[in-house]
Amino acid sequence: MCYDPDAAPPAFSPARRPLAEAAPLTLTSADGTEFGAFLARPDVATGVGVLVLPDNKGLSPFYRQVAARLAEQGHPALVPDYYGRTAGAAPGNRPPEFGELPNLLPHLLALTPEGLDADLTAALDRLRAAGAAEVVALGFCFGGRQAFRAAAPRFGLSGAVGYYGYPDAINGAPGPTQLAAGLTAPVLAFWGGADEHIPPAAVDAFDAALTGAGCPHEFVTYPGAPHNFFELSATEHSGAARDSWHRLLAFLAGPR
């Protein structure tokens, strides 16, 4: 569980583009499932599109704000929700209690790789239809894990960025480390050196697996930073958040 309902992302760079759109929408997956999403578009796109993948609470205000921050930098950004199959397609109408673990857990356990992949594909199609010829995935926590998975060729991404996405197997389900042989898009990963949820050994194993697979990647670990250091109120870790923000923007602007 990453961000509280009142959490907000840091904003370090001045807006370069006014927003043409920042609004919820409903998408339809290949199996006919409707799910909620949020799209933020600049008036003129000057950079790659970004598929923003939330933590396991799904589409929350934090990620709407992340999308808007990216759109202000010229990047069309779309955030999909994960829970259309079990909780409906309108995440904005869900009670705050939905994000509490006892209420969220049945929905989280019902997720499948096939369903997630289908929804990510539908979200990518919508983002590309909005004018994003190239797309990079950006995920946080559970979404970071999904962003790493999306570095596989079937998604056609230009890159994948993950903030503290757990890379190892969970309850026998393969993680990005086990899937590394099939990952090809460049990966940028941010880790907190004081993250109690992701041990250094798991990060090292993922690094070694990507190296062995020949997948280009860069790992950045911030000593003393906790699991969710990219957050406005985490002022004691603002240096790590600022550095990662600039590295993220440089990655988005980099050669393809």
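**Aromatics, pockets and a cavity**

Mentor: One aromatic cluster is formed by Tyr-3, Phe-62, Tyr-63, Phe-140, Tyr-163, Tyr-164, Phe-190, Tyr-222, Phe-229, Phe-230 and Trp-245. Keep in mind that this is a predicted model.

Trainee: How many aromatic pairs does a search of the whole structure find?

Mentor: The count is 23 aromatic pairs. Take Tyr-163 and Phe-190 as one of them: the ring centres are 4.6 Å apart and the planes meet at 40 degrees, so this pair is tilted.

Trainee: Where do Tyr-163 and Phe-190 sit in the chain?

Mentor: Tyr-163 is in strand E6 (residues 159–163) and Phe-190 in strand E7 (residues 187–192). They are 27 residues apart, and the pair links distant parts of the chain.

Trainee: Are Tyr-163 and Phe-190 buried or exposed?

Mentor: Tyr-163 and Phe-190 are both buried.

Trainee: What about Tyr-222 and Phe-229, how are those rings arranged?

Mentor: Their centres are 5.3 Å apart with the planes at 65 degrees, so that pair is edge-to-face. Tyr-222 has 9% relative accessibility, so it counts as buried. Phe-229 has 0% relative accessibility and counts as buried too.

Trainee: Next, Phe-230. What is its place?

Mentor: Phe-230 is in the loop between strand E8 (217–222) and helix H8 (238–253). Its relative accessible area is 2%, so Phe-230 is buried.

Trainee: Which residues is Phe-230 in contact with, leaving aside neighbours within four places in sequence?

Mentor: Tyr-3, Pro-9, Pro-10, Phe-62, Phe-140, Tyr-163, Tyr-164, Ala-241, Ser-244 and Trp-245. Among these, Tyr-3, Phe-62, Phe-140, Tyr-163, Tyr-164 and Trp-245 are also in the aromatic cluster with Phe-230.

Trainee: What else is in the loop between E8 and H8?

Mentor: His-237 has its place there. At 16% relative accessibility, His-237 counts as buried, because the cut-off is under 20%. Leaving aside neighbours within four places in sequence, His-237 is in contact with Gly-224, Ala-225, Pro-226 and Phe-229.

Trainee: Now Ala-8. Where is its place?

Mentor: In the segment before strand E1 (19–28). Ala-8 has a relative accessible area of 14%, so it is buried. Not counting residues up to four places away in sequence, Ala-8 touches Phe-62, Gln-65, Glu-231 and Leu-232.

Trainee: Which residues line the largest cavity?

Mentor: Pro-9, Pro-10, Val-66, Arg-69, Leu-138, Phe-140, Phe-230, Trp-245 and Leu-248. Helix H1 (61–72), strand E5 (135–140) and H8 each give two or more residues to this lining. By class, the cavity lining has eight nonpolar, no polar and one charged residues. Phe-230 turns up again here, and Pro-9, Pro-10, Phe-140 and Trp-245 are among its contacts.

Trainee: How much space lies in the largest pocket?

Mentor: About 820 Å³. The pocket is lined by 26 residues, and the closest to its centre are Leu-108, Phe-142, Arg-145, Gln-146 and Ile-170. The elements giving two or more residues to the lining are helix H3 (101–109), helix H4 (113–129) and helix H5 (142–149).

Trainee: How does the lining of the largest pocket divide by class?

Mentor: There are 17 nonpolar, seven polar and two charged residues.

Trainee: Last one. What sits over the ring of Phe-98?

Mentor: The charged end of Arg-94, 4.8 Å from the ring centre.

Definitions and conventions: Residues numbered from 1 in each chain as written. Predicted model: local features only at pLDDT ≥ 70, side-chain atom pairs only at ≥ 80, totals over all residues. Heavy atoms only, no water. 1 Å grid on protein atoms, 1.4 Å probe; cavity = no way out; pocket = protein on both sides within 12 Å on 5 of 7 lines; lining within 4 Å. Points joined across faces, edges and corners; volume = space filled by probe spheres on them. Helix = DSSP H or I, 4+ residues; strand = E, 2+ residues; numbered from the N terminus. Nonpolar A, V, L, I, M, F, W, Y, C, P; charged D, E, K, R; others polar. Buried < 20%, exposed > 50% of the residue type's maximum accessible area, 1.4 Å probe, protein only. Contact = heavy atoms within 4.5 Å. Phe/Tyr/Trp six-rings, centres within 6.5 Å; stacked < 30°, edge-to-face > 60°. Lys NZ or Arg CZ within 6 Å of the ring centre and 35° of its normal.
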